[in-house]
Each structure stands twice: as C-alpha cells, then as structure tokens.
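Work through the exercises below with the sequence and the coordinates at hand. Each task is followed by its solution.

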Amino acid sequence: MNETVTDAVVKDEVIEKSDEKKPLLTRLEEEGEIAADYLEALLDIADLDGDIDMDVENGRAAVAIAGGNLGILVGRDGEVLDALQELTRLAVQTVTDERSRLMLDIEGYRVQRRAEIAESALRAIEEVKSTGTAVKMASMNPFERKIVHDTVAESELTSESEGEEPNRRVVILPA
C-alpha cells in the first residue's frame, strides 16, 4: 500500500467542522497537533529520531523538533527546513481547510538564525545612524526579512523591502 504521510495523518485525524468558530488559541493548538502528527509520520518514514514540541508563539502554532542528527532536515541555509515547513502547512490546511502560518524549527536552527539576523540588523542600524545613509542588507527569505523589519522598528528608523525573490532584501533608511 502506497500511503503518503498526509494520507496517514488525514485518515487518523478527526476534525469536527461546525459553523461556529473555535477560539484562536484552540485552533492554533489543533494546528500544532496536526503538524506534530504529520512530522512524526515523516520522521518514522525517514527512520529519524526526534522529540517534537508544540507551542503557540506570536499568534502562530510553533512546532520544534530536537534530536540527534537532524541537520539533514535543516539543509544548507535552512532550505530543507523551509520546504518542510511549507509541506507541514499544507498538511495542516488539508485537514482544517484553513491557511496555516505555522512555524517549524529543527535543532534550534531558526532560534539561532533569528539571533544572528537581529545582530546583523543592529550593526546595520548603527551604520545608518552614524553615516546618515541607507544600508542595503543581503538577500533574505521572508522569515529573515521580518526579523530585520521588527528590529528596525524598535530603533525608531524605518525599513522597506526591495527586489524580487529570491533576491529580495531589506533597506534600512535614515530617520
């Protein structure tokens, strides 16, 4: 029997649909559970071990996987992680019929990357403040650009994104 990971999760998942909306926290917790089931099946298929943790952060379901030798699921520059996150969002959407903004982290990659990007943004902010000229950051994915925009917003400067994917970047503007 050729059963996909999504098929296995959808078959086992029972979601009652009703006209009344569930509270946001409940919906996000359900997203996390669906995602965890999907990812657990994926880990089983790939014969990988990992502990799955679910939470709700900043109005999004957040799922983190930790364990030994999961770097293969992160990939170079987080490319595999980004793809897995998108597949997991699609698996959640298949069950809930609603778009998911779920965040997936593996081996703390996004936590570490968030700190690196914020530090880079702070250096660029200092450069803009000292020179009075705009600074163009390196090309970044949407997750990374949001970190820069949030960091800039806290500094009382402004920022904007320019360019087209995959070369989209943040420009930090002087006050």
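**Exercise 1.** Locate Thr88 in the predicted model, decide whether Thr88 is buried or exposed, and list its contacts beyond four places in sequence.

Solution. Step 1: Thr88 belongs to helix H3, which covers residues 79–96. Step 2: its relative accessibility is 0%. Buried means under 20%, so Thr88 counts as buried. Step 3: with neighbours within four places in sequence set aside, Thr88 touches Ala35, Tyr38, Leu39, Leu102 and Leu104.

**Exercise 2.** Examine the backbone at Asp97, Glu107 and Pro166.

Solution. Step 1: most residues other than glycine have a negative phi, and most peptide bonds are trans. Step 2: Asp97, in the loop between H3 and strand S3 (103–106), has a positive phi near 60°. At 56% relative accessibility, Asp97 is exposed. Step 3: Glu107, in the loop between S3 and helix H4 (109–131), has a positive phi near 55°. Its relative accessible area is 35%, and Glu107 is partly exposed. Step 4: Glu165 and Pro166 are joined by a cis peptide bond, with omega about 0°. Pro166 lies in the loop between strand S5 (158–162) and strand S6 (169–173).

Conventions:
Residues numbered from 1 in each chain as written. Predicted model: local features only at pLDDT ≥ 70, side-chain atom pairs only at ≥ 80, totals over all residues. Heavy atoms only, no water. Helix = DSSP H or I, 4+ residues; strand = E, 2+ residues; numbered from the N terminus. Buried < 20%, exposed > 50% of the residue type's maximum accessible area, 1.4 Å probe, protein only. Contact = heavy atoms within 4.5 Å.
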